[in-house]
Amino acid sequence: MLSDRIQTLSPSLTIAISSLARDLKAEGKDILSFSAGEPDFGTPQKIKDEAIKAINEGFTQYTAVPGIPEVLQAVANKLKRENNLDYAPSDIIVSNGAKQSLFNLFQATLNAGDEVIIPAPYWVTYPELVKYSEGTPVFIETDEKGGFKITAEQLNAAITPKTKMIILTTPSNPTGSVYSKAELESLAEVLKGTEIIVASDEMYEKLVYGIDFVATASISEDMFQRTVTINGLSKSVAMTGWRFGYLATPNKALISAMNKLQSQSTSNINSITQKAAIVALDGEVDTDIEEMRQAFDARAIEAVKLFNEIDGLSVLKPDGAFYLFVNTKEISNDSIAFCKELLQETGVAVVPGIGFGAEGYFRFSFATDIETIREGISRIKKFVENKRQ
């Protein structure tokens with residue numbers, strides 16, 4: 001009954017842990033969840049006001065598939081103002097979050113057997129969507145010593161005649177790593193003379209700590225032409241439920257293909273979200289974003305300190321996003337068993353590292369208040385101490 005294609009997809013470990021946490025909570029257990037991939041802040045009021053205005057003015061009909069002209073121009077303006085990237089509105093398509101942007105891209109470019117290079121650890125969805133699109137994921141392993149970032153040498157070694165694309169995530173979910181300009185330039189040198197597409201997922205762009213964010217497509221004209229920039233408003237503007245992602249590429253044929261695909265799947269995204277997104281893209285809530293960024297930075301500093309005081313655990317301070325990727329190898333190299341036992345015994349929900357392609361780790365989201373973070377890490381400390389006895 002089921003298609004071969006749908007059976008290539010694996011269930012999300014993030015959702016599995018969240019479901020177990022909900023079940024235990026329903027049983028009356030005290031659960032602290034650090035598995036969420038969304039900010040604990042509310043959407044800024046100016047954005048909500050603009051949405052209400054759009055509803056009251058009756059802006060509730062279908063729009064053009066790639067988005068209304070005003071929102072496409074707002075994305076183009078943002079990319080020019082903040083990232084020094086010159087995209088025309090016709091180079092952009094807005095979708096139901098970055099996940100749909102990625103789905104559109106993979107479906108429009110991949111043929112059976114095409115290889116897609118994915119640095120590991122990776123966001124859980126990348127290999128699943130590549131496989132669903134009949135592509136072949138090719139993983140490059142990274143480690144803490146290298147800041148969980150691939151090198152030019154690793155990239156060069158991974159390229160074959162079948163390589164169609166590489167996915168770069170900066171800042172990274174789950175590690176919080178951010179590629180510097182020099183690191184991106186070294187990767188760009190390897191790609192020169194090839195036809196390899198770079199899918200650059202920059203969703204956490206505005207949540208960086210103590211460093212500057214550099215857009216992949218801004219590195220050179222060659223990188224601009226080969227890079228598909230993917231971003232959105234879910235994380236940095238606390239608009240997860242609004243479902244606003246966007247994709248930009250100067251490749252007219254590719255944009256046309258993705259518009260065709262989206263026209264036959266979801267068509268346009270929510271009209272009201274498009275109107276509200278303009279406020280966020282135009283910089284009207286930058287103060288709200290900065291307040292959120294500073295809060296995340298303070299939480300990261302304290303959480304890293306507390307984790308590194310636990311004998312048997314270690315973690316690097318992230319340069320971006322709102323996750324810690326905690327090393328448990330001294331205690332356990334079975335991340336699923338570790339996380340399930342931790343949840344059942346202490347009520348603390350974190351996500352197994354194997355779901356991100358890295359065994360011996362768990363992902364801890366600090367997108368919650370500092371007191372909850374302290375309590376959660378205290379429970380983890382007691383759990384680890386008991387296991388070491």
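1. The strand order β9-β12-β11 describes an open sheet of three strands with antiparallel pairing. Its edge strands, each pairing on one side only, are β9 (323-327) and β11 (351-352). Strands here are DSSP E runs of at least two residues and helices are H or I runs of at least four, numbered from the N terminus; two strands count as paired if DSSP finds at least two bridges between them.

2. The model is predicted: local features need pLDDT of at least 70 and side-chain atom pairs count only at pLDDT 80 or more, whereas totals for chains, interfaces and linings use all residues. Residues are numbered from 1 along each chain as its sequence is written, and side-chain values use heavy atoms, with hydrogens and water left out.

3. Within the antiparallel sheet, five bridges connect β9 with strand β12 (residues 361-365). One of the residues concerned is Asn 327, whose bridge partner in β12 is Tyr 361.

4. A parallel pairing is found between strand β3 (residues 115-120) and strand β4 (residues 136-141), joined by six bridges. Ala 120 has Glu 141 of β4 as its bridge partner. Together with helix α5 (residues 125-132), β3 and β4 make a right-handed β-α-β unit; right-handed means that, with the strands pointing away from the viewer, the path from the first strand over the helix to the second runs clockwise.

5. Ala 120 is joined to Pro 121 by a cis bond with omega of about 5°, and Pro 121 is placed in the loop between β3 and α5. The bond from Thr 170 to Pro 171 is likewise cis, omega being near -5°; Pro 171 belongs to the loop between β5 (163-169) and α7 (181-191).

6. Two non-glycine residues have positive phi. For Asn 84 the value is about 60°, and this residue is in the loop between α3 (69-83) and β2 (92-95). Asn 84 counts as exposed because its relative accessibility is 55% (buried means under 20% relative accessible area, exposed over 50%, and partly exposed in between, with a 1.4 Å probe and protein chains only). For Ala 321 phi is about 65°, and the residue is placed in the loop between α11 (286-308) and β9. Ala 321, at 0% relative accessibility, counts as buried.

7. Asp 297 is in helix α11 and, with a relative accessibility of 19%, counts as buried. Its C-alpha atom is separated by 8.6 Å from that of Gly 320, 23 residues apart along the chain.

8. Lys 149, in the loop between β4 and α6 (152-158), counts as buried because its relative accessibility is 14%. Its side chain makes a polar contact with the side chain of Glu 183 at 3.0 Å (a pair of N or O atoms within 3.5 Å; within protein, one must be able to donate a hydrogen and the other to accept it, and residues adjacent in sequence count only if both atoms are side-chain atoms).

9. A nonpolar surface patch is formed by Met 1, Leu 2, Ile 6 and Leu 9, with about 480 Å² of accessible area together. Met 1 is in the segment before α1 (13-26). Patches are made of residues with over 30% relative accessible area and no salt bridge, like charges being joined within 9 Å and nonpolar side chains (Val, Leu, Ile, Met, Phe, Trp, Tyr) within 5 Å. A salt bridge is a side-chain nitrogen of Lys or Arg within 4 Å of a carboxyl oxygen of Asp or Glu. Accessible areas come from the Shrake-Rupley method with a 1.4 Å probe; for residues, only the protein chains shown count as cover.
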